[in-house]
Amino acid sequence: AVGIFSRPVAASMMATMLVAVVFHLLNTGPEGFPLAVVTAHSYNFELAAMYVGVLGYFSAAGAGAYSVDEKVFGGELNLYGSLLENVQKKD
């Protein structure tokens, strides 16, 4: 991954997948999760729920030590801090 703005992008994608999980649960119910055998041998919300977990990790951890923002800007949190300081200085 390139790693520029990975935390807000992962957070927004996680919100999208969370809506998908809620949609499927409201539409089909829990389908007997976790012990039932469903028709297609797959729960409708299973993949979206996995994405929520993975994207939650990237929202918290960021892109990593070898990402572009780490090498160029000194880290994603430093980039956000400098952008926030620039915005506050203009006021």
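**Note on the predicted model: patch, salt bridge and core**

1. α1 (6-28) and α3 (68-73) each supply at least two residues of the nonpolar patch. Helices here are DSSP runs of H or I with at least four residues, numbered from the N terminus. This is a predicted model: local features need pLDDT of at least 70, side-chain atom pairs count only at pLDDT 80 or more, and totals for chains, interfaces and linings use all residues. Residues are numbered from 1 along each chain as its sequence is written, and side-chain values use heavy atoms, with hydrogens and water left out.

2. The patch itself. α3 gives the most, with three residues.

3. Val68 is found in helix α3. Its relative accessible area is 35%, so Val68 is partly exposed. Buried means under 20%, exposed over 50%, and partly exposed in between. Phe5 lies in the segment before α1. Phe5 also counts as partly exposed, at 39%.

4. Phe5 and its surroundings. Phe5 touches Glu76, Leu79 and Tyr80, not counting residues up to four places away in sequence. Contact means heavy atoms within 4.5 Å. Phe5 and Asp69 are 64 residues apart in sequence. Their C-alpha atoms are 8.1 Å apart in space.

5. The salt bridge. The structure holds one. Arg7 pairs with Glu76, the closest N and O atoms being 3.3 Å apart. Arg7 lies in helix α1 and Glu76 in helix α4 (residues 76-90), so the pair ties together parts that are 69 residues apart in sequence. The criterion is a side-chain nitrogen of Lys or Arg within 4 Å of a carboxyl oxygen of Asp or Glu. Glu76 is buried, with a relative accessible area of 5%.

6. Helix α1. It has 23 residues and reaches 32 Å from its first C-alpha to its last, close to the 33 Å expected at 1.5 Å a residue. The expected span is 1.5 Å times one less than the number of residues. Ser6, Ala10 and Val21 are the buried residues of α1. They pack against α2 (46-61) and α4. Gly29 follows α1, and its phi is positive, near 80 degrees.

7. Met14, also in helix α1. Its relative accessibility is 26%, so Met14 counts as partly exposed. Leaving aside neighbours within four places in sequence, Met14 is in contact with Val52, Leu55, Gly56 and Ser59.

8. The core. In soluble globular proteins, nonpolar side chains tend to be buried together. The largest nonpolar core has six residues: Val21, Val38, Tyr43, Phe45, Ala48 and Val52. Such a core is a set of buried Ala, Val, Leu, Ile, Met, Phe, Trp, Tyr and Cys residues joined through side-chain atoms within 4.5 Å. Beyond four places in sequence, Tyr43 touches residues including Pro30, Phe33, Pro34, Leu35 and Val38.

Technical notes:
Buried < 20%, exposed > 50% of the residue type's maximum accessible area, 1.4 Å probe, protein only.
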